[in-house]
Amino acid sequence: MAKSYGQLQAQIQKLQAEAEALKAKEVKEVIARIRTAIEHYGITPDQLFGKAKKATTSRTAAKKAPARKSAAKGKPVAIKYRDGDNTWTGRGNKPRWLVARLEEGKQLADFAVS
């Protein structure tokens with residue numbers, strides 16, 4: 001006979017409770033073994049976890065030098081190529097309008113700004 005949805009949910013909850021109880025028991029056993037090993041070998045918290053780092057204060061963070069910025073960033077660049085309202089500085093990929101004109105057989109020099 002098939003089980004109903006409610007019966008399956010009840011079974012799931014029962015199994016989850018059993019799993020949690022088993023996990024809690026295993027955790028207690030593991031902690032006991034770890035404590036025994038720590039006592040036997042005389043392990044210190046610093047050896048186990050490493051030395052604690054000092055917390056940085058806002059004053060120490062403020063003393064850091066700001067990141068260097070490029071001198072050229074944000075400066076306008078002269079236009080090298082023009083076709084009516086379309087322009088290109090010659091930096092980066094060729095714009096679509098220029099690629100289309102070059103495919104039509106024109107030369108890059110045809111669009112150069114004097």
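Which residue forms a salt bridge with Asp-83? In this predicted model, the partner is Arg-101, and the closest N and O atoms sit 3.1 Å apart. Arg-101 belongs to helix 4 (residues 96–103) and Asp-83 to strand 1 (residues 81–83), so the contact ties together parts that are 18 residues apart in sequence. Buried here means under 20%, exposed over 50%, and partly exposed in between (1.4 Å probe, protein chains only).

Over on the surface, Tyr-41, Ile-43, Leu-48 and Phe-49 make up a nonpolar patch with about 480 Å² of accessible area together. Patch members have over 30% relative accessible area and no salt bridge; nonpolar side chains (Val, Leu, Ile, Met, Phe, Trp, Tyr) are joined within 5 Å, like charges within 9 Å. Areas come from the Shrake-Rupley method with a 1.4 Å probe, and for residues only the protein chains shown count as cover. Ile-43 is in the loop between helix 1 (5–41) and helix 2 (45–49), and is partly exposed at 32%.

As for confidence, the protein chain averages a pLDDT (the predictor's per-residue confidence, from 0 to 100) of 87, with 89% of residues scoring at least 70. Helices (H or I, at least four residues) and strands (E, at least two) are DSSP runs numbered from the N terminus.

Residues are numbered from 1 along each chain as its sequence is written, and side-chain values use heavy atoms, leaving out hydrogens and water. Local features need pLDDT of at least 70 and side-chain atom pairs count only at 80 or more, while totals for chains, interfaces and linings use all residues.

Key
A salt bridge is a side-chain nitrogen of Lys or Arg within 4 Å of a carboxyl oxygen of Asp or Glu.
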